[in-house]
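Colleague: I would like to go through this model with you, one residue at a time. Please show it first.

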Amino acid sequence: MVSNFLKRKPQEPRKQVRLKLASIDLWSALKLGFLLSIALGIATLVTAYLLWVVLDSVDLFTSVDSLLRSVFGEVTPIVLTDEFALERVMSTAATLALVNIVINTALTVVWAGVFNVVSKLIGGVALTFTNN
């Protein structure tokens, strides 16, 4: 006797639907691009903080600073411990994140517009969907 566990269920017929993506709503592209850019900005801030913590924990800034002092003497052109303080690193990362948010959001809308123009020329992008 074969258990119910080993019996196969009858397979449902596979349905396929072919659709064409003809255009992308620019407002939807703007919203999606903005949200993805916000996520990328948060990832930039977290990455900058974690990288600074790792480099500071191994005393990289003080080691390179002492190396520069030994090469240039006490009058060094740059003091790395001041230049790479946490406040400066995070403010630079925040500025870059904000600039990236603006640029990426604008580029998302531009690329959606380019897709719409090209889609009108070639008739859209054919997509096939199945029920599985």
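This is a predicted model: local features need pLDDT of at least 70, side-chain atom pairs count only at pLDDT 80 or more; totals for chains, interfaces and linings use all residues.

Colleague: Is S119 buried or exposed?

Modeller: Buried means a relative accessible area under 20%. The value for S119 is 4%, so this residue counts as buried.

Colleague: Which helix holds S119, and which residues does S119 touch, leaving out those up to four places away in sequence?

Modeller: S119 sits in helix 4, residues 86-122. Leaving out residues up to four places away in sequence, its contacts are L21, A22, S23 and G124.

Colleague: Is K20 buried or exposed?

Modeller: K20 belongs to strand 1, residues 16-21. Exposed means over 50% relative accessible area. K20 has 58%, so the residue is exposed.

Colleague: What separates the C-alpha atoms of K20 and T44?

Modeller: Along the chain, K20 and T44 are 24 residues apart.

Colleague: How do the rings of F61 and F84 count as a pair: stacked or edge-to-face?

Modeller: The structure has one aromatic pair. The ring centres of F61 and F84 are 5.4 Å apart and the planes are at 5 degrees. Planes under 30 degrees apart count as stacked, so the pair of F61 and F84 is stacked.

Colleague: Which parts does the pair of F61 and F84 tie together?

Modeller: The parts are 23 residues apart in sequence. F61 lies in helix 2 (residues 60-72), and F84 in the loop between helix 3 (80-83) and helix 4, so the pair ties together helix 2 and that loop.

Definitions and conventions
Residues are numbered from 1 along each chain as its sequence is written. Side-chain values use heavy atoms; hydrogens and water are left out. Helices (H or I, at least four residues) and strands (E, at least two) are DSSP runs, numbered from the N terminus. Buried means under 20% relative accessible area, exposed over 50%, partly exposed in between (1.4 Å probe, protein chains only). Contact means heavy atoms within 4.5 Å. Rings of Phe, Tyr and Trp (its six-membered ring) pair if their centres lie within 6.5 Å; planes under 30 degrees apart count as stacked, over 60 as edge-to-face and the rest as tilted.
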